[in-house]
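Work through the two exercises below with the sequence and model in view. Each task is followed by a solution in steps.

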Amino acid sequence: MLQIQDVVKTFGRQTAVDGVSLDLEPGVVGLIGHNGAGKSTLLQMLATLTVPTRGRILLDGQDIVAKPEAMRRRLGYLPQDFGVYPHLTAREFLQYFAALKGVGDKRRVRQLLELVNLHEHADRAAAGFSGGMRQRLGIAQALLNDPDVLIVDEPTAGLDPEERLRFRRLLGDLGAKRLVIVSTHIVSDVENMASRLAILRQGRLVAFETPEAMLARAAGQVWTSLLSPEAYEALRGQVRVLQAQPQGGQMQVRIAHASRPCADAQPAQPTLEEALMAQRYADAQVAA
Ligand SMILES: Nc1ncnc2c1ncn2[C@@H]1O[C@H](COP(=O)(O)OP(=O)(O)OP(=O)(O)O)[C@@H](O)[C@H]1O
Ligand SMILES: [Mg+2]
């Protein structure tokens, strides 16, 4: 559906996106990367808000750089720095965007207020909304044209755990019949809803796979051990410590390592976050 072919974006001497290729089909894709990894830059190119320095992006075979209109008609986009207009109510806000986007169906605003669970607050000014309510209003805005491609850039930043959960569920539902691309630096945000994860590091795509495959690759690389403070000190410089918790004068640790890091270490089931960290460490070892 959406093909990203060797896309590069540079700003002066800085390369923000460095030769990314991805073939995306409907479903939820999690775009994971640290601050500055190039997530927003990549998403802005997909949203036709900036053009690649090099490479091509195709939607159903059509070049979206040469002809952005087709993408724009089928696109919903929630930018990272999305802001609501504080004086408008939720309903007015959506009516405003419906008019801008040429969405004529009067029922659409009400349907969307219900979908994002804001109907009870529809006539309140957005100034008084919580972060989660604002993000849900942002998603409703992005869904006005019933897009085939929904792009949301770090939608859960600043949300409390309950709002985060609700938001994740909403995005998961939306992915049932369209391509949803969600960027985040928090793996747990996407692990239960994304069918594929794309990992960006310094502008490069370092993995594109299912969460299951990522977990399978990390199998046998995560270990637990209960160490004396001395043993912990000696080991911590040599292995990647994922977690360390003091316990009765000793240290309960989780470690990423390609082989058993110390005599009494037990193999542990990696979490997705750990799988990613273990992989990062494996890359670093190769680089060294
Ligand atoms: N308009 C711009 N001009 C110059 N440099 C830019 C511009 N936009 C992004 N960059 C640089 O490109 C790199 C990638 O930035 P980008 O915002 O895409 O990362 P990100 O993964 O979205 O980060 P974050 O998690 O902080 O949102 C960064 O080093 C950033 O400083
Ligand atoms: Mg960003």
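Predicted model: local features only at pLDDT ≥ 70, side-chain atom pairs only at ≥ 80, totals over all residues.

Residues are numbered from 1 along each chain as its sequence is written, chains are lettered from A and ligands numbered from 1 in the order in which they are written, and side-chain values use heavy atoms, with hydrogens and water left out.

**Exercise 1.** Find how many residues surround ligand 1, and sort them by class.

Step 1. The shell (residues with a heavy atom within 4 Å) holds 13 residues, the closest being Gln14, Gly36, Lys39, Ser40 and Thr41.

Step 2. Polar side-chain atoms approach oxygen atoms of ligand 1 at 2.8 Å from Gln14 and at 2.7 Å from Lys39.

Step 3. By class, three shell residues are nonpolar, eight polar and two charged; Gly counts as polar.

Step 4. Helix 1 gives the most to this shell, with three residues.

**Exercise 2.** State the volume of the largest pocket, and name the strand that gives the most to its lining.

Step 1. The volume, the space filled by probe spheres set on the grid points, is about 220 Å³.

Step 2. Strand 6 (residues 75-78) gives the most to the lining, with three residues; strands are DSSP runs of E with at least two residues, and helices are runs of H or I with at least four.

Step 3. The lining has six nonpolar, three polar and two charged residues, including Arg72, Tyr77 and Lys101.

Notes:
Polar contact = N/O pair within 3.5 Å; in protein donor to acceptor, adjacent residues only side chain to side chain. 1 Å grid on protein atoms, 1.4 Å probe; cavity = no way out; pocket = protein on both sides within 12 Å on 5 of 7 lines; lining within 4 Å.
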